[in-house]
Amino acid sequence: MTTETTAQSYDWHKWFVVGVIVVLFLALVRGWKTPDMVAFMALCMVWNVGIIDTQDAISGFTNSGVLAVGVLFVVVQAVERSQIALVAAKHAFGMNTGVRFGLLRLCALCFSISGFLNNTPVVALLTPITRDWARTRGFSPSTFLIPLSYSTIFGGLLTTVGTSTNLVVMGLAEDMGLEIPGFFEIALIGFPICIVGIVF
């Protein structure tokens, strides 16, 4: 195969991948299928035409960060079924608190939990609890849901398991033979950012 032919083949690959990304984006925006199904179908498309081989296609499923995210979803599901989070949230929010004090309690709770559980399932777990509590107290749920989201993001900056991004980066660093930060090492930077963010 000549250099010119190889270049043409790679050029075709590039445009095919661009097309797949556009279709992927449209499918996610339109909600044609669930996000996991859409992503898997996109992976199958680029694999079927030979842009990536089988080893590349399945390498993401063996990444320790991805596996850790999956395990944390199972842990959060167990916490949800045990009703521990519901009881803890009701005691943390209180039934006689105002909006400001309720926001402070909410942020502190989300901040604490999401440092040790992945922030994505924490949001999924606490959103209905927070919404129901706000309605019971006569508050607008939208007043609390955005702070809930940001508080869990801030809490995720405390540990290496706090966010999916942290876990994936740790997995990539391990695969490349790089030094992996300690469990609380990123908190040296993350904790001051979290405090400023919550106060703001």
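Predicted model: local features only at pLDDT ≥ 70, side-chain atom pairs only at ≥ 80, totals over all residues.
Colleague: How far apart in space are Thr54 and Cys44, C-alpha to C-alpha?

Modeller: Along the sequence, Thr54 and Cys44 are separated by 10 residues. In space, the distance from C-alpha to C-alpha is 9.9 Å.

Colleague: Are helices α7 and α8 roughly parallel or roughly antiparallel?

Modeller: Helix α7 spans residues 119–137 and helix α8 spans residues 142–155; their axes come within 10 Å and cross at roughly 155°. Angles over 145 degrees count as roughly antiparallel. The arrangement of α7 relative to α8 is therefore roughly antiparallel.

Colleague: How many charged residues does the contact of α7 with α8 have?

Modeller: On the α7 side, the contact is made by Asn119, Val122, Val123, Leu126, Thr127, Thr130, Trp133 and Ala134, and on the α8 side by Phe144, Leu145, Leu148, Ser149, Thr152 and Ile153. By class, nine of these residues are nonpolar and five are polar. The number of charged residues is therefore none.

Colleague: What is the handedness of the crossing of α6 and α7?

Modeller: Helix α6 covers residues 99–113, and its axis comes within 11 Å of that of α7, with a crossing angle of roughly 160°. That angle makes α6 roughly antiparallel to α7. The crossing of α6 and α7 is right-handed.

Colleague: Which residues of α7 make the contact with α6?

Modeller: From α6, the contact involves Gly102, Leu106, Cys110 and Ile113. By class, the contact of α6 with α7 has six nonpolar, two polar and no charged residues. The residues contributed by α7 are Val122, Leu126, Thr130 and Trp133.

Colleague: Is Thr130 buried or exposed?

Modeller: Thr130 is located in helix α7. Beyond its neighbours within four places in sequence, Thr130 touches Phe93, Leu106, Phe144, Leu145 and Leu148. Its relative accessibility is 1%, and the buried class is under 20%. Thr130 therefore counts as buried.

Colleague: What is the N to O distance in the salt bridge of Asp132 and Arg131?

Modeller: The count of salt bridges comes to one. Asp132 is partly exposed at a relative accessible area of 40%, and Arg131 is partly exposed at 28%. The side chains of Asp132 and Arg131 meet with an N to O distance of 3.7 Å.

Notes:
Residues numbered from 1 in each chain as written. Heavy atoms only, no water. Axes fitted to C-alpha atoms, helices over the stretch in contact; angles between N-to-C directions. Helix = DSSP H or I, 4+ residues; strand = E, 2+ residues; numbered from the N terminus. Parallel < 35°, antiparallel > 145°, perpendicular 65-115°, else oblique. Contact = heavy atoms within 4.5 Å. Salt bridge = Lys/Arg side-chain N within 4 Å of Asp/Glu carboxyl O. Buried < 20%, exposed > 50% of the residue type's maximum accessible area, 1.4 Å probe, protein only. Left-handed = near helix turned anticlockwise from the far one by under 90°.
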